[in-house]
Amino acid sequence: MSGCCKHCGSNSIVHDDISANLFCSSCGVVSEFDGYDAQIGRLNGPEGTFVRVGTSGTGTHYSYKETKIYNAQNLIDDFVYKFALSPSKCSDIKTMIAQITENEFGQGDWFPILIGACAYVVMRKDNKSLPIAEVASVVGCDIYELGRMFVRVVDFLGLKGSAEEFPEFDIVVAFERAVRNCGKFSGLGRDVVERMRKQGVFLIQCAVQWFLTTGRKPLPVVAAVLVLVAELNEVDLRIEDVAREVHAAVSTCRSRYKELLEALVKVAQVLPWGKDVTVKNVVRNAPFVIQYMERKSMGKRGEKRKEVEEKGGGIDLGDAVSECLRKNVEHGTSGNCVENDSLYFEAEENRGFVRSGGESFDQMKISHECLSLMYTEFLNEMGHEKFMEGSGEVPQRKGMRGFEFIACRDWWEGKSELSKKLLLKQILEKDVGLDALPPSFVNGCKVYKRRKEKINAAKLRISRIKHPLGTDLGESGDIGLSECVNAGKKRKGKRVKDIDWEDFIIEALLLHEVKEEEIEKGHYNTLLDLHVFNGGIMPEVPMWKA
């Protein structure tokens with residue numbers, strides 16, 4: 001090969017077979033490389049100089065597809081490690097993604113969302129609890145975006161509607177996973193954590209029976225039960241920390257915690273001191289309430305209790321009950337010792353036992369649950385006082401400040417079947433002392449009743465404006481809408497009811513002759529669009545004219 005040298009201008013350019021470079025034979029300057037041979041014949045043509053077909057960079061021999069698959073699998077392994085899943089689950093996720101993408105895998109912002117959706121599907125198929133909120137936080141996407149991808153994966157794999165292949169979310173498994181992952185429990189003993197787990201499973205399944213989980217997100221209920229169990233076992237655990245660990249809203253967790261305490265208050269009404277139990281002190285009484293619930297659940301629903309004398313075992317129950325009631329047990333309330341047990345044997349139906357004035361103790365009717373609880377409490381107090389007397393310490397009264405759960409350290413037995421994971425049918429068959437309605441249904445009834453009252457009040461205001469001389473305000477106790485709006489100061493001796501935006505909307509709908517049954521449902525925006533803004537014509541007699 002020959003050419004013109006750019007340095008000396010001579011035509012003595014030759015090719016070096018060893019280095020494959022061009023140099024000038026006269027001046028010895030190496031010329032710039034310009035000997036690239038283009039490929040001829042497409043993929044089957046000859047190789048160009050320093051270029052090899054299929055390479056993606058210096059020192060590699062991977063194609064674009066192989067590199068893409070390699071990076072995708074590394075990303076899957078990274079997310080599986082964050083989810084703390086087993087290698088078998090990782091293999092299932094890769095197989096599922098390969099089936100969906102036809103072995104192409106992928107890259108981009110959508111691929112991590114697909115990995116999270118497949119991981120959630122794999123765990124749900126294995127009846128494991130992997131909350132979708134936790135998956136969304138790890139993947140780094142919105143929970144609704146992950147839900148849409150999840151629906152697409154389920155539809156593609158044909159799992160929709162198959163209960164065997166795709167079981168529902170298990171709240172008991174979610175609670176057990178929360179107990180294992182809680183950092184506050186790492187320093188506790190194995191026996192303590194196991195006891196807390198059984199107590200939590202018991203309360204979780206009681207909450208299921210009380211419909212606290214019906215139509216709700218399960219993770220706030222898990223957080224509420226976990227906080228209550230920790231408090232009963234004297235473990236400092238804040239509900240904000242638990243909500244952050246289980247990826248739930250703090251306000252919702254507090255609402256579920258309050259509903260759980262309210263349910264325990266209702267159960268506690270059967271106890272002799274049940275009238276004194278409130279939401280504020282129910283945690284102090286929770287050991288006795290849960291002990292009653294545990295023993296109640298060990299029997300069959302609707303089963304008649306045997307007579308107390310058949311289970312007496314030769315013990316003088318009269319002396320035992322009297323001695324138990326004279327103990328310094330205040331159950332979270334302040335006061336003196338109970339010196340006279342006649343207070344607990346009055347004829348009250350809600351106490352669970354009835355006694356007439358001139359009957360003896362043998363003729364007195366006492367419920368088995370109440371008497372069993374009294375006697376067990378008596379044995380626990382006697383055993384605790386003997387232990388304290390032997391050690392030379394003075395037992396502390398519960399009525400004093402600083403209630404301690406050490407006095408009721410033996411309240412949990414763990415013999416109930418509700419301490420183990422049961423099916424929904426088995427849970428509903430158990431009797432834990434309370435047959436509650438779903439809170440959402442109860443709240444809906446209250447809202448429906450309040451809305452009906454607002455409709456009646458709006459009708460009276462409209463009637464007063466249309467017929468000012470024929471309306472009697474003494475019965476309604478309300479004043480006209482115009483007076484409520486224009487009145488700057490409240491008149492003495494006359495009660496003024498507050499009228500909010502809902503009252504104005506109800507009045508507008510009534511003036512447009514909307515049926516009361518439709519207004520009671522509360523779909524105000526829809527009704528306004530249908531009857532007021534689009535197809536409505538203002539009434540002939542406006543509300544501001546007499």
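Start with Glu259 and Arg256. Both sit in helix 10 (residues 250-267), three residues apart, about one turn of the helix. Helices here are DSSP runs of H or I, at least four residues, and strands are runs of E, at least two, numbered from the N terminus. An α-helix has 3.6 residues a turn, so residues three or four places apart point the same way. The side chains of Glu259 and Arg256 meet in a salt bridge, 3.7 Å from N to O. By salt bridge I mean a side-chain nitrogen of Lys or Arg within 4 Å of a carboxyl oxygen of Asp or Glu.

Ground rules, quickly. This is a predicted model: local features need pLDDT of at least 70, side-chain atom pairs count only at pLDDT 80 or more, and totals for chains, interfaces and linings use all residues. Residues are numbered from 1 along each chain as its sequence is written, and side-chain values use heavy atoms, with hydrogens and water left out.

Is Glu259 buried or exposed? Buried, with a relative accessible area of 15%. Arg256 counts as buried too, because its relative accessibility is 14%. The cut-offs: buried is under 20% relative accessible area, exposed is over 50%, and partly exposed is in between, with a 1.4 Å probe and protein chains only.

How many salt bridges does the structure hold? It holds 25. Another of them joins Asp126 and Lys89, with the closest N and O atoms 3.2 Å apart. That pair links distant parts of the chain: Asp126 is in the loop between helix 3 and helix 4 (132-139), Lys89 is in helix 2, and they are 37 residues apart. Asp126 is partly exposed, at 34% relative accessibility. Lys89 is buried, at 15%.

Next, Arg461 and Asp503. Their salt bridge has its closest N and O atoms 3.8 Å apart. Arg461 lies in helix 15 and Asp503 in helix 18 (residues 501-511), so the pair ties together parts that are 42 residues apart in sequence. Both Arg461 and Asp503 are buried. Salt bridges with shared partners join Lys454, Arg461, Asp500, Asp503 and Glu507 into one network.

Stay on helix 15. Its buried residues include Arg451, Lys454, Arg461 and Arg464.
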